[in-house]
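Notebook open, model loaded. Here is what I looked up, in the order I looked it up.

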Amino acid sequence: MTPEPAQSRTGTTGRGDRRTRGAPGPGAGWGVLAAIAVVTLLLVVTAFALRPSGSSARDVRRSALRATPDGVAGLYRAIARLGPPTAIRATPLVDAGPLRGTLVMLQPVRRPSPREVHELLEWVRDGGTLIHAPRPASPILDSLGLVRRTLLEDGDSAEASGTSPGAELDDGPLWSAERPLAEGLPVARAARYAIAPDTASAENEEEDEADADDEPGPDPVPHHPLLLSAPDSAGHRWAVAVSIPLREGRIVSFADAAPLSNRFAGEAPLAVLAVRAAIAWTSPGDSVFFDEFSQGLGASRSPARATVDFLVGTPAGRASLHLGVVVLLAFFCAGLRFGAPLAPAGGPGRSALEHVTALAAVYESAQARETAAVLMLGRLARTAHLPPPHDLRDAERLLERLEKRTARPRALRLIRRGLGASPLDLVRVAQGIDNHTQGRTSA
């Protein structure tokens, strides 16, 4: 008996060549890297295009870390250049390290809790200096019996026109002659906000005055704490900037933080007043701290959390995230091939015989003899240009059709015996298929 050709049993010659030709080349890995690089570049370009331009900000924060018009980086640098050193404080007012010097808190984004307000005022009473600009319904002013009042209903106080050169000074903002910090300052612009006593709080204090003999009352607000006053539409004057002594310390409160921002600091006398206050009431060796924790900056905020907040909580971040998802889906839908899962690109491939052996081991471990036999008969159907069978019933029909078309049915009878055995004899089925396709009969 002559030995069978290697291609008849294993088919390694033709199929191996086809596998080598069809295997993904070395460029498949570079294609993946190129796709990732394109997605990253698009995200970076989008984030760069949607960043704050420097001439506007998407939210108003009086932060010393902002060089945008709404920030107070100019005030921070002016104090550092002319007076005591400045520093950033990113820790809360309670459960943190001690604070020495002056604290600057301008329109805090985070509303202080009652405990934080109590600790802050106690720190001021012990000798600290607070430079403060409130938001509406400020708990700090509320603790002092003060509120912020609106003087001008329309327009921005910082953008409102100042007193004209020919106008009477009594009709516009006036500096207090009793305060050395205001000496020599030019006329300020018209103000929109003012600081006024809380009338409701004053009435409550009068009702409780009889019960206040045995308990120490709150620190009194001075009768003349004014640094700058401005009139309202009815001609009544209100405090725009005040200096409030509290025992050993003091609070310098500005009704509006806009004149201290980068946009107006170069022409607003109130910014000069803030710098003078920081220099005058900061002890030698101490620093001026800008409270960035109240502006939303926390020491526990990790870069990952900041990235997630940007991608989820801002319009620019959501646009970048959606664009990235769309680009990734476009790459997947384009059917980009990522290489062979089992054999590295360009590496040695597995022969057809090794593949069949591994597949047979899987079927054997699963006891899937019928499935293996049906799949083996698919080769026989393709040779005869017939549809492959899906189950044993289709396999029986296939054998019947082949018996009508061949003059050598012995190979097909061998296949039937293999299919009729219990369990299925896959060896006989394979021999019958080989005998039929090779045109030989078994002994």
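I began with tyrosine 76 and phenylalanine 290, and both are buried (buried is under 20% relative accessible area, exposed over 50%, partly exposed in between, with a 1.4 Å probe and protein chains only). Before going on, I noted that this is a predicted model: local features need pLDDT of at least 70, side-chain atom pairs count only at pLDDT 80 or more, and totals for chains, interfaces and linings use all residues. Residues are numbered from 1 along each chain as its sequence is written, and side-chain values use heavy atoms, with hydrogens and water left out.

**Aromatic pair**

How many aromatic pairs are there? I get one, going by ring centres within 6.5 Å for Phe, Tyr and Trp (its six-membered ring), with planes under 30 degrees apart called stacked, over 60 edge-to-face and the rest tilted. The ring centres of tyrosine 76 and phenylalanine 290 are 5.2 Å apart and the planes sit at 70°, so I logged the pair as edge-to-face. Tyrosine 76 is in helix H4 and phenylalanine 290 in strand S10, so the pair ties together parts that are 214 residues apart in sequence. Helices (H or I, at least four residues) and strands (E, at least two) are DSSP runs, numbered from the N terminus.

**Cores**

Next I checked the largest nonpolar core, which has 35 residues; Leu75, Phe254, Leu270, Leu273 and Phe290 touch the most other members. A core here is a set of buried Ala, Val, Leu, Ile, Met, Phe, Trp, Tyr and Cys residues joined through side-chain atoms within 4.5 Å. Which element gives the most to this core? H8 does, with seven residues. I also found another core lying apart from it, with 22 residues, including Leu144, Leu146, Leu246 and Ile251.

I then looked at leucine 273. Leaving aside neighbours within four places in sequence, leucine 273 is in contact (heavy atoms within 4.5 Å) with Trp175, Leu181, Ala182, Leu185, Leu227, Ala241 and Phe254.

**Leucine 82**

Is leucine 82 buried or exposed? I have it as exposed, at a relative accessible area of 60%. Leucine 82 belongs to helix H4, residues 73-82. With neighbours within four places in sequence set aside, leucine 82 is in contact with Val275 and Ile279. The C-alpha atoms of leucine 82 and valine 275 are 8.3 Å apart, across 193 residues along the chain.

**Valine 38**

Last, I looked up valine 38, found in helix H3 (residues 27-49). I put valine 38 down as partly exposed because its relative accessibility is 39%.
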